[in-house]
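Subject: Structure for you to look at

Hello,

Please find the structure below, together with its sequence. Have a look at it before reading my notes.

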Amino acid sequence: MSFIASNLKPYIGSEIAADPGGLLNRAAAGELRELLISRGVLVFKGLHFTDEQQVALAGMMGSLREEGERGIYKITLDKAANERADYLKGSFLWHMDGTHDDVPVFGCLLSGRVLSKTGGQTEFANSYIAYDKLPRQTKERIANLRVVHSVGVSMRRAGVAETEQNVRHWNSIPDRTHDLVWTHRSGRKSLVIGCHASHVEGMGLEQGRELLDELLEWTTQPDFVYRHEWSPGDMLIWDNTGVLHRAEPYPMDSGRVMHRTTLMGEEAFSHSTVERS
Ligand code: OGA
Ligand code: MN
C-alpha cells in the first residue's frame, strides 16, 4: 500500500500519510475511494498537491465535474474573484452540496491555498452514523417522510442579502423533494438534511421544522463530527452523499482561497422530485 491510514475519530475521518506521487495510481485511488465511502472524510495534512495532481487524483477516484478552470473551482468570498461570492455564505451553515439536483455530487477534494487568520475551519458530520444510531422509534417515525429543499430558504437562513438579483437567482432554482432517509444502492442509509431543508411534506410547518432541527442537532453532535483546522498544504476529500459540512464563518476580506475539485454524482436521492419549474 502506498499510504498509511489512521482513524481521526471513531465515527468519522481518516488521516492519510503519503508522498504525493504515491497516490497517483489506480490502485491507490481505488483504495482511497473505498476508505472515503466508509469513513466520510479523508484528511491529507501538508500534502502540498499541485492543482494538476489534485485533478489527476479526482479523475482516478471518480468522474470530474466541469467546474471552474481545468477542474479547479476557487472558493472565495472576494467579489472581484467570484461574482456569486454571496452565495458561499450558505456554506457557513450545515449543508450538503447539490440538494437541488436529483443526483447530488459524490464528493469534493478541497485544498487550502490562502487561509483566513480567523475562522474558516471546516467541519463534517457523518449522516450515515447519525441515522444508524437513532433510536428505533425515531427510525420508524421518519421512515416514510419526505422533505422539501429550497435554495431561497438556505440563503435567507444564511443571511444573504435579499436583493432583487439574488432573489431572482434563488427563484430560478426549483425546490426539490427527497426522502428524508436516503436508502443507497449499497443498502446503507443516511439522512438528507441541512440548512436547505425547508419543511416536511404533509406536516405542519412548525412541527416539521422542529423535527428537522432535532435531527440536525443529533447528526452534528460532537461524536459524529470531525473539525479540520487548516494548515498550509492540507487537502480534504469528503463523501457528500453521507456527510454534512460547513465552514466556520470568516471575514469577507480575509483573503481565504480554497481550490475545489468536484466528483460527479453517481446515485440519485431516493424518490427525488421537482416541486415547480
Ligand atoms: C464547499 C464548502 C467549505 C469550506 O466547497 O462546498 O462548503 O470550508 N466548503 O470552504
Ligand atoms: Mn459545500
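The notes below go from the whole chain to its strands and then to single residues.

This is a predicted model, in which local features need pLDDT of at least 70 and side-chain atom pairs count only at pLDDT 80 or more, while totals for chains, interfaces and linings use all residues. Residues are numbered from 1 along each chain as its sequence is written, chains are lettered from A and ligands numbered from 1 in the order in which they are written, and side-chain values use heavy atoms, with hydrogens and water left out.

The whole chain

The chain has 7 helices and 16 strands. Here helices (H or I, at least four residues) and strands (E, at least two) are DSSP runs, numbered from the N terminus. The radius of gyration of the chain is 18 Å, close to the 19 Å that the globule rule gives for 277 residues, so the chain is as compact as a globular protein of that length. That radius is taken over C-alpha atoms, and the globule rule is 2.2 Å times the number of residues to the power 0.38. The C-alpha trace spans about 55 × 45 × 30 Å along its principal axes.

Of the 277 residues, 51% are buried. Buried means under 20% relative accessible area, exposed means over 50%, and partly exposed is in between (1.4 Å probe, protein chains only). The chain exposes about 12,800 Å², and carbon and sulfur atoms supply 49% of that area. Accessible areas come from the Shrake-Rupley method with a 1.4 Å probe; for residues, only the protein chains shown count as cover.

Contact means heavy atoms within 4.5 Å. Among contacts between residues at least 6 apart in sequence, 82% join residues at least 24 apart.

The strands

Two strands pair if DSSP finds at least two bridges between them. An open sheet of 4 strands runs in the order β11-β7-β8-β16, with antiparallel pairing. Its edge strands are β11 (197-200) and β16 (273-274), each of which pairs on one side only. Strand β8 (residues 176-179) is joined to β16 by 2 bridges in the antiparallel sense, and Arg176 has Val274 in β16 as its bridge partner.

Strand β14 (residues 243-247) has 4 of its 5 residues buried, so this strand is largely enclosed by the rest of the structure. It pairs with β6 (residues 122-126) in the antiparallel sense over 5 bridges. Within this pairing, Glu123 has Arg246 of β14 as its bridge partner.

Which way do the residues of strand β3 point? Val41 and Val43 point one way from the strand (residues 41-44), Leu42 and Phe44 point the other way, and all are buried. Strand β3 pairs with β2 (residues 14-17) in the parallel sense over 2 bridges.

Single residues

Val43 lies in strand β3, where Glu15 stands opposite Val43. The relative accessible area of Val43 is 0%, so the residue is buried. Leaving aside neighbours within four places in sequence, Val43 is in contact with residues including Leu8, Ile16, Tyr226 and Leu236. His228 is another of these contacts; Val43 and His228 are 185 residues apart in sequence and 8.3 Å apart in space, C-alpha to C-alpha.

Two residues to look at next are in one loop. Arg70 is found in the loop between α2 and β4, and Gly71 lies in the loop between α2 (51-61) and β4 (73-75). Is each of them buried or exposed? Arg70 is exposed, with a relative accessible area of 75%, whereas Gly71 counts as buried at 14%. Arg70 has a positive phi of about 45 degrees although it is not a glycine. Gly71 is in contact with Val55, Arg260 and Thr261, leaving aside neighbours within four places in sequence. Gly71 and His259 are 188 residues apart in sequence, with 9.4 Å between their C-alpha atoms.

His271 also has a positive phi of about 45 degrees and is not a glycine. Its place is in the loop between β15 (257-263) and β16, and His271 is exposed at 59% relative accessible area.

Pro249 lies in the loop between β14 and β15 and counts as exposed at 52% relative accessibility. Not counting residues up to four places away in sequence, Pro249 touches Phe92, Thr118, Gly119 and Gly120. The C-alpha atoms of Pro249 and Gln121 are separated by 8.2 Å, although the two are 128 residues apart along the chain.

Regards
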